[in-house]
Amino acid sequence: MARPSVLIDISEIEELKGITEVGDQLRIGAVTKQIEVEQSRLVAEHCPLLAKVMPWIGHRPTRARGTIGGSLATADPAAEIPLVSGVLEAEIEICMGSEFQRIRAADFFLGPLQTSLPEGACITALLLPIWKTENLGTGFREVSIRQSDFAIASAAVQIHCDNHRRITKIAIGVGAVGDYPQRITSVEKSLVGQIFNLANITEALNGVESEIEANGHMHASEGFSRRAAARLLYQVLEDICRELIV
Amino acid sequence: MTTYPKSVSIDVNGRKVSRSVEPRTSLLDFLRDELHLTGVHCGCEHGVCGACTVLVNGDAVRSCLMLTVQAEGKQIETIECEAPSHSELSFIQDAFWEKHGLQCGFCTPAMILTARALLNRNSSPNRAEIREAISGNLCRCTGYLQIIESIELAAEWLAQSNRGRVEAEESSDGEVL
C-alpha cells in the first residue's frame with residue numbers, strides 16, 4: 001500500500017458509482033463517495049445502520065473523497081463500514097478480468113489490513129441486505145480518544161421485533177478491538193425469541209466479555225478493549241430499547 | 001527513472017490553468033510549487049492536520065491526499081480567492097479579525113475555507129455544528145474557542161445581510177418574495 005509500482009485512478013468510472021435498490025439488496029458502487037452515502041435517502045431508508053455510522057468516519061473533508069470500496073479494501077480493524085458489512089452479512093462484489101464474484105463479508109476480512117481480494121481483482125460494489133422497515137431498530141456507538149480518531153472500540157446492532165416486541169431477528173457485532181469485525185452470535189442466539197427489554201438484554205450480555213477477541217495496543221490494553229466493547233454493546237442495545245416503539 | 005508527464009486543465013480560483021504534471025504530484029505541491037499559491041499550507045502530508053484544506057467543487061478537501069491529475073476539470077478554490085479584492089476582506093476574514101480567530105495564522109486559511117464550505121451548506125450553524133465542521137483542522141495556538149466565535153459572528157452577519165435583503169424586497173412592493 002505504501003509503495004505501489006502502478007497506481008490506477010478508478011474514481012471516474014461511472015459504472016462503479018451509485019446507490020440502487022436491487023431486489024432485497026442495497027447496492028452501493030465501490031467508488032461511491034462516503035459523503036454521498038452519508039446524505040443518501042435510499043441508504044437512510046434501506047440500511048439505517050450504515051447511515052448511522054457514516055458521520056463517525058474520519059472528518060467531512062476525508063469523507064468528501066473517501067469511497068466505500070476504499071474503506072472495504074483497506075480493512076482497517078477500526079473502520080466502520082467493514083463493521084456494518086460484517087454485522088449485516090453483506091456481500092462484496094469483485095471483478096477479476098471480466099468475471100464477477102461475490103464474497104461474503106465474513107470471508108472477506110482476514111486480518112488487520114488484510115482481505116481475501118485476489119491480486120488483480122477490483123471491488124465493484126457492496127451489497128447490503130435490506131431488512132423490513134417495520135419494527136426495525138439500529139444502534140451504533142464508538143469510543144476514541146478524540147472524536148473522529150480511529151475507534152478504540154465500537155459496537156453495532158440491528159434488530160427486528162414482531163408487534164409484541166419479541167425479537168425475530170438480531171445482528172450484533174463489535175469492531176476495532178480485534179483484527180476484524182466480530183459477530184457475537186452467542187448473544188444473538190440467546191436474544192432471538194425473547195421480549196426486547198433491559199432485563200433480557202442484561203441477562204444475554206452476561207459473560208459477553210469472554211466472547212470478544214481483543215488485542216492490546218498503545219492506546220488501550222486488551223482488558224480495557226474487551227470491557228469497552230462489552231459496555232458499548234450494552235449501551236447500544238439500551239439505546240435501541242429506548243427508541244424502538246413497539 | 002522514466003517519467004510520464006500528463007497535461008491537466010484545472011479551474012483554480014476562477015482561472016483556467018493548463019499544465020504538464022507528474023502524475024505523482026499531489027494537488028498540495030502543485031498549488032504551492034507550480035502556482036505559487038502558498039496560502040495552502042503543508043502540515044502533516046497525510047490527511048490528519050487539515051492545514052492543506054482547499055475547496056474542490058465547493059467541498060472542503062485535503063489537497064495533500066489528492067493527486068493533481070485527479071483535479072482535472074474541477075474547480076479549486078484556495079484562500080487566495082477569499083478576499084473580494086486586494087484592499088478588502090471577505091465577511092469571514094473580517095469576522096476572524098474581529099474575534100481574534102488566529103494567532104500564528106498557519107491553520108487559518110484552512111479554517112476560513114472550511115467555514116465557507118460550512119456556511120454555504122448551513123447558513124445558521126449552531127455551536128456543535130461549527131465544532132464538528134472544524135474538527136478536522138488542528139490549531140496549536142488559539143484553543144479553538146476564538147475560531148468558533150469568529151465563525152459564529154460570520155454566520156450572524158450572513159443572517160443579517162440575508163434578512164436585510166428580504167426586508168428590502170418586502171418593503172419595495174409589499175409582498176414577501
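Author: This is a predicted model. B:K74 and A:E12 form a salt bridge, with their closest N and O atoms 3.3 Å apart.

Reader: How many salt bridges does the rule find across the interface of chain A and chain B?

Author: The rule finds 1 across that interface.

Reader: How many residues are in contact on each side?

Author: Chain A has 13 residues in contact with 14 of chain B.

Reader: What area is buried between chain A and chain B?

Author: About 1,200 Å². Carbon and sulfur atoms give 50% of that area.

Reader: Which residues in chain A lose the most area to chain B?

Author: A:R60, A:P61 and A:R65. Together they account for 47% of what the chain A side buries.

Reader: New topic, cavities. How many of 30 Å³ or more turn up in the whole structure?

Author: The search finds 1. The largest cavity holds about 30 Å³ of space.

Reader: Which residues line the largest cavity?

Author: Its lining is B:Q103, B:C104, B:G105, B:F106, B:C107, B:T108, B:C139, B:C141 and B:T142.

Reader: How do the residues of that lining divide, nonpolar, polar and charged?

Author: The lining has 5 nonpolar and 4 polar residues, and no charged ones.

How values were computed:
Residues are numbered from 1 along each chain as its sequence is written. Chains are lettered from A and ligands numbered from 1 in the order in which they are written. This is a predicted model: local features need pLDDT of at least 70, side-chain atom pairs count only at pLDDT 80 or more; totals for chains, interfaces and linings use all residues. Side-chain values use heavy atoms; hydrogens and water are left out. Contact means heavy atoms within 4.5 Å. Buried area is the accessible area (1.4 Å probe) that two parts lose on being put together, summed over both. A salt bridge is a side-chain nitrogen of Lys or Arg within 4 Å of a carboxyl oxygen of Asp or Glu. On a 1 Å grid over the protein atoms alone, a cavity is a set of points where a 1.4 Å probe fits but cannot get out, and a pocket is an open set with protein on both sides within 12 Å along at least five of seven lines; lining residues have an atom within 4 Å of a point. Grid points are joined across faces, edges and corners, and a volume is the space filled by probe spheres set on the points. Ala, Val, Leu, Ile, Met, Phe, Trp, Tyr, Cys and Pro count as nonpolar, Asp, Glu, Lys and Arg as charged, and the others, Gly among them, as polar.
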